[in-house]
Amino acid sequence: MTGADVLLLALGAVAVGAGALVVGTRHLVRAGLWLVVCLGALAGDYLVLGAELLAWVQVLIYVGAVVVLLLFAVMLTRAPIGPSDDLDRPGWPAALIGAGSGLGPAVLLVDAFRWSRVGPPATGTAERLGEQVFRSWVLPFEVLSVLLLAALVGAIVLSRPDIGRPGVNPAAGPARPGRPGGPVEPARPVVAAGDEGGRA
């Protein structure tokens, strides 16, 4: 076993442990931060395997964009930052599904290749990857961009509960006393200037 194999196993263990903490924590923001650790460990695995371009794409797109979008959605929807009882659910269904989805491909790969050695593929380049993405996979690429845009618009709509409410103008800002859409301030009694000092 070489040093690259040890580093690959160590980064894989970090990714699996961080992924378990993502689905196991009750703090939504901490789950997003553990997701950063998990995706960063996967980027390290790509570097060890020699896929430098894929590693930097992992960092720029997933760590630098998707996780930031998740944290912005948490802030826009005013989700609870502390421990949430909604995230404290039985974990055995998710563990069962995760174990099945992980062990199934592992058994298939072991049965297909046994102990035969497989040579590494040709080194990928940005040109070859761009040709595959924008020629063969351009439709899923565009669908994913539309999905992310819809998620951002949905987060904005959920963060403004006054949109669509009758009698409230969203452009006028938050409802205040005396403004349209806000509570009406009760009228105060008029007191003469000479009566203020004469009353007990």
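User: How do the residues lining the largest pocket divide into nonpolar, polar and charged?

Analyst: This is a predicted model. The lining has 18 nonpolar residues, three polar and no charged. Gly counts as polar in this scheme.

User: How much space lies in that largest pocket, and which residues lie nearest its centre?

Analyst: About 720 Å³. The lining takes 21 residues, and V57, I61, Y62, F141 and L144 lie nearest the centre.

User: Which element gives the largest share of the lining?

Analyst: Helix α3, with nine residues.

User: What makes α1 roughly antiparallel to α2?

Analyst: The axes of α1 (residues 3–24) and α2 (residues 28–48) cross at roughly 160°. Angles over 145 degrees count as roughly antiparallel. The crossing angle therefore makes α1 roughly antiparallel to α2. The two axes also come within 8 Å.

User: What is the handedness of the crossing of α1 and α2, left or right?

Analyst: Left-handed. On the α1 side, the contact residues include L7, L8, L11 and V14. On the α2 side, W34, L35, V37 and D45 are among them.

User: How does the contact of α1 with α2 divide by class?

Analyst: It has 17 nonpolar, three polar and one charged residues. Asp counts as charged, and D45 of α2 takes part in the contact.

How values were computed:
Residues numbered from 1 in each chain as written. Predicted model: local features only at pLDDT ≥ 70, side-chain atom pairs only at ≥ 80, totals over all residues. Heavy atoms only, no water. 1 Å grid on protein atoms, 1.4 Å probe; cavity = no way out; pocket = protein on both sides within 12 Å on 5 of 7 lines; lining within 4 Å. Points joined across faces, edges and corners; volume = space filled by probe spheres on them. Helix = DSSP H or I, 4+ residues; strand = E, 2+ residues; numbered from the N terminus. Axes fitted to C-alpha atoms, helices over the stretch in contact; angles between N-to-C directions. Parallel < 35°, antiparallel > 145°, perpendicular 65-115°, else oblique. Left-handed = near helix turned anticlockwise from the far one by under 90°. Contact = heavy atoms within 4.5 Å.
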